[in-house]
Structures are given as C-alpha cells and as structure tokens.
Amino acid sequence: MSRGSKETEVRQYYGILYRAWGPQQWWPAETQFEVIVGAYLTQNTAWTNVERALANLRTAEILNVEGIRRVRLSRLEPLIRPSGYFRQKARRLKTFVAFLDKEYGGALDRLFSQPTVKLREELLGLNGIGPETADSILLYAGNHPVFVVDAYTRRILTRHEVLPETADYGEVQELFQSALKPTAQDAAPAGGMSQSDAIFRGGAHPPSAMSTAPRNPLVQIYNEMHGLLVGVGKNYCGKSQPKCDGCPLQPFLPRGK
C-alpha cells in the first residue's frame, strides 16, 4: 500500500480497524472511580490481574472514594495483591484520595471540571502517576480529549516505521491527536459491526456503564483508537514474535517486512 503523510496513515489505521472490529467498549468500568483505580492497578501487569483485584475491592464494598479513604493499608494491600506491586499501589491509591479530598473536597465532578492542562499537571505531580496513567484517567474517567500512548502503540508505530522507537511520549501523542482531530465529526465510521458481533474482536470488552457513557466525538475517537491498537498489540503485534498474517494493518507494513 502506498504511504502518505504520517497523519494520513494514522487516520487510515482508525478507519480500517474500526470497520474490522467495531466498537471496543473502553474503559470496562461501572464508575469514574473504578476507572481511576484500574489505571493505577494496571501499571506493570496484565488486565486479567487487575480484574481480580477490582473484584476483591468490589466484594469488600470499598471500590469507591469513601471506601479507599477509610480502609487501612493493611486491609487494602492483600485485596489488590493480584495486580502486583500491591504495597506501592495501595499507598498510591491513598495518595490520590488524599489529593482529591484536599484540592476538590472529595468530589470527582469538581476534579474533572478543571481545564485539561491544569489537571494533567496536577495528576503528574502525584506519586506513581506518569503520562500514560494521567491520560488514562483524563480520557476514560474524565472525558478530557487526550490520546493515551501505551507500549502497544509505540510498538506498532516502530514496526510500521511511522516514528522511531526513540520518539518520546509527547511526540507520539501529538501525532495521534493531530491525525484524528479531522475525523471528530465522524467518530464511528460507517461499516463497523454491531457490538453483539464485536465483543471479542480486537481488544474489545462487553459494554459497561463507563464505556457506553455519552462523550463528545473527539473523546470517542481517542477512546476507540486506543482500544483498537490494544487489539492489534494483543492479537498480532507481539513483543517478541509478531503475527502479521491476518492483521488489518498488514498492508501498511513497509516493503520487506
């Protein structure tokens, strides 16, 4: 396939993946706070491990701001143990709630009503929050228009020679944001499958309260694109042994690959 600009190629990725796999139903959570907790717990572990930890918190009835505020660390740590680095993550969850209480009276709606740039800086100032975690919270919990860059995204861009492996987070994010903004008036390209057909296509999850919540077109595009790239990474673009045959993005591979 002939290659145009980087932005054009990224837009083509979005259209092709969406038509192949349909809506991805990201983020799989019932509340904004569950998204935030999941964003912390998914650091350095597989999502299946996060699901086990979230189930423990849900069973203990503390998967909410008040629950994390009042629970003792000695109780919280074993509940989130399946996610790994559980002592670290428990302290970080406590730090987030303390920040929320101090700066926003414990109210997530007040937190997410802040300008994106201001809130992103505040989140990055908290222990244990880097750009990917901050942007996951902003996009999936707060419906702020920021694109989340993860390891799958970087791997795909590198193998397709869109950006070098050394490109920093901001450069990758800016590419996707500039590429996808023109498609905001058409957040769901025609030809996508219904959700009933797409549940297990790509990286899709069953619908949840958060994944089906209303959001503006640009936020929806960033949401879907991230989920679609996760699907590529999980099913085809493996870390050590890529399986390119059958991947919707195979036609975009440089010649000789």
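This is a predicted model: local features need pLDDT of at least 70, side-chain atom pairs count only at pLDDT 80 or more; totals for chains, interfaces and linings use all residues.
In which hand does α11 pass α13?

Start with the two helices themselves. Helix α11 covers residues 169-180 and helix α13 covers residues 217-235. Their axes come within 11 Å and cross at roughly 125 degrees, and α11 and α13 are therefore oblique to each other. As for the hand, α11 passes α13 in a right-handed crossing. On the α11 side, Phe 176, Gln 177 and Leu 180 make the contact, while α13 brings Leu 218, Ile 221, Tyr 222, Met 225 and Leu 229. Sorted by class, the residues of this contact of α11 with α13 are seven nonpolar, one polar and no charged.

Now move to another helix pair, α2 and α3. Here α2 spans residues 32-41 and α3 spans residues 47-59. The two pack with their axes 10 Å apart, at an angle of about 135 degrees, and that makes α2 oblique to α3. Once again you can look at the hand: α2 passes α3 in a right-handed crossing. From α2, the residues Glu 34, Val 37, Gly 38 and Leu 41 meet Trp 47, Val 50, Ala 53, Leu 54, Leu 57 and Arg 58 of α3. The contact of α2 with α3 divides into seven nonpolar, one polar and two charged residues.

The model holds twelve aromatic pairs, counting rings whose centres lie within 6.5 Å. One of them joins Trp 26 and Trp 27: the ring centres are 6.3 Å apart and the planes stand at 85 degrees, so this pair is edge-to-face. Are these two tryptophans buried or exposed? Trp 26 has a relative accessible area of 11% and is buried, and Trp 27, at 6% relative accessibility, counts as buried too.

Trp 27 also pairs with Trp 47, again edge-to-face, at 5.4 Å centre to centre and with 80 degrees between the planes. This pair links distant parts of the chain, since Trp 27 sits in the loop between α1 (6-21) and α2, whereas Trp 47 belongs to helix α3, 20 residues apart. Like Trp 27, Trp 47 is buried.

Which residues do the ring pairs gather into a cluster around here? Trp 26, Trp 27 and Trp 47 are linked together with Tyr 140.

Methods:
Residues are numbered from 1 along each chain as its sequence is written. Side-chain values use heavy atoms; hydrogens and water are left out. Axes are lines fitted to C-alpha atoms, for helices over the stretch in contact, and angles run from 0 to 180 degrees between N-to-C directions. Helices (H or I, at least four residues) and strands (E, at least two) are DSSP runs, numbered from the N terminus. Angles under 35 degrees count as roughly parallel, over 145 as roughly antiparallel, 65 to 115 as roughly perpendicular and the rest as oblique. A crossing is left-handed if the near helix is turned anticlockwise from the far one by less than a right angle, and right-handed if clockwise. Contact means heavy atoms within 4.5 Å. Ala, Val, Leu, Ile, Met, Phe, Trp, Tyr, Cys and Pro count as nonpolar, Asp, Glu, Lys and Arg as charged, and the others, Gly among them, as polar. Rings of Phe, Tyr and Trp (its six-membered ring) pair if their centres lie within 6.5 Å; planes under 30 degrees apart count as stacked, over 60 as edge-to-face and the rest as tilted. Buried means under 20% relative accessible area, exposed over 50%, partly exposed in between (1.4 Å probe, protein chains only).
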